Amino acid sequence: MQTVIHSLPVLLLGAVKTLQITAISVFIGCILGLIAGLSRLSLNRFLSFLATCYVDFFRGTPLLVQIVIIYFGIPQILRDFQDYLVHTYGITPVFENIPVFLAAVIACSLNSGAYIAEIFRAGVQSIEKGQMEAARSLGMTHGQAMRYVILPQAFKRVIPPLGNEFIAMLKDTSLLSVIGFEELFRRGQLIVGATYQAFQIYLTVAFIYLVMVVSFSRLVDYLERRLKTGD
């Protein structure tokens, strides 16, 4: 028990890192997801194809594999290209490695964006077609109708699933320990390596995750009730 008490401040700092990377990744993921979701609905086949490829890849492969590719794989390709430039043109090498935090943000954001794209796509498609037709009959362009009529209603409907995506990403950040990013789980691993108190530390880590997830779940439930009340 004493080990847990002494380790608690370090674990709580790890929890802050977990919340930080989750918030940043889901925020960027919302931007990517909105673009990809609308692109999938676009009449432009090329845009729709690109968005579909992005969504299928990041939803169809494990986040762990994506993290490893971004942190270990992409730097290798860049280093090989840099070596080619050095030997061919004598350019001074400038690239070394991707910082752990940046790799974590990129991997989690791209993964989150793919799932959020489907959330936004489903949200837009859930709006009755008559809404678009009514907006167009008032003289709005397709873009104006989407911006002022469809998207405001869709945003209201996608808040609950966006909350669920935040919770899922909150738990998935534990996979970042594979590249040494010191979020909650990684800090727990380091403490276990130093104290050999695996059961106590990992149980504490699980409890901290539980508190964060349950707290945010209650917030999502509250928002969902408020939105239903406002309908």
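Figure 1. On a 1 Å grid over the protein atoms alone, a pocket is an open set of points with protein on both sides within 12 Å along at least five of seven lines, and its lining residues have an atom within 4 Å of a point. The model shown is predicted: local features need pLDDT of at least 70, side-chain atom pairs count only at pLDDT 80 or more, and totals for chains, interfaces and linings use all residues. Residues are numbered from 1 along each chain as its sequence is written, and side-chain values use heavy atoms, with hydrogens and water left out. Fourteen residues, 14 in number, line the largest pocket, and Leu41, Val124, Met132, His142 and Met146 lie nearest its centre. Two or more lining residues come from each of α1 (2-41), α4 (100-125), α5 (129-137) and α6 (142-172); helices here are DSSP runs (H or I, at least four residues) numbered from the N terminus. The volume of the largest pocket is about 380 Å³, taken as the space filled by probe spheres set on the grid points, which are joined across faces, edges and corners. The lining comprises eight nonpolar, three polar and three charged residues, where Ala, Val, Leu, Ile, Met, Phe, Trp, Tyr, Cys and Pro count as nonpolar, Asp, Glu, Lys and Arg as charged, and the others, Gly among them, as polar.

**Figure 2. The bend in helix α6.** The end C-alpha atoms of α6, a helix of 31 residues, are only 37 Å apart, short of the 45 Å that a straight helix would reach at 1.5 Å a residue. The expected span is 1.5 Å times one less than the number of residues. At Ile150, α6 bends by about 45 degrees, and Pro152 follows within four residues. The bend is the angle between axes fitted to the seven residues ending at a position and the seven starting there.

**Figure 3. Helix α3.** The 27 residues of α3 (residues 63-89) should span 39 Å at 1.5 Å a residue, and the distance of 37 Å between the end C-alpha atoms agrees. A bend of about 35 degrees occurs at Ile69. The buried residues of α3 are Leu63, Gln66, Ile67, Ile70, Tyr71, Pro75 and Gln82. Buried means under 20% relative accessible area, exposed over 50%, and partly exposed in between (1.4 Å probe, protein chains only).

**Figure 4. Aromatic pairs.** Seven aromatic pairs are present in the structure. Rings of Phe, Tyr and Trp (its six-membered ring) pair if their centres lie within 6.5 Å; planes under 30 degrees apart count as stacked, over 60 as edge-to-face and the rest as tilted. The pair of Phe120 and Phe155 is edge-to-face, because the ring centres are 5.5 Å apart and the planes stand at 90 degrees. Phe120 belongs to helix α4 and Phe155 to helix α6, so the pair ties together parts 35 residues apart in sequence. Phe120 is buried at 6% relative accessible area, whereas Phe155 is partly exposed at 37%. The rings of Phe185 and Tyr202 are stacked, with centres 5.8 Å apart and planes at 25 degrees. Phe185 lies in helix α7 (residues 184-195) and Tyr202 in helix α8 (residues 198-230). Ring pairs also link Tyr54, Phe57 and Phe58 into a cluster.

Figure 5. Tyr196 is placed in the loop between α7 and α8. Its phi is positive, about 65 degrees, although Tyr196 is not a glycine. Tyr196 is exposed, at 70% relative accessibility. Gln200, in helix α8, is partly exposed at 27% relative accessibility. Gln200 and Gln2 are 198 residues apart in sequence and 10.0 Å apart in space, C-alpha to C-alpha.

Terms used:
On a 1 Å grid over the protein atoms alone, a cavity is a set of points where a 1.4 Å probe fits but cannot get out, and a pocket is an open set with protein on both sides within 12 Å along at least five of seven lines; lining residues have an atom within 4 Å of a point.
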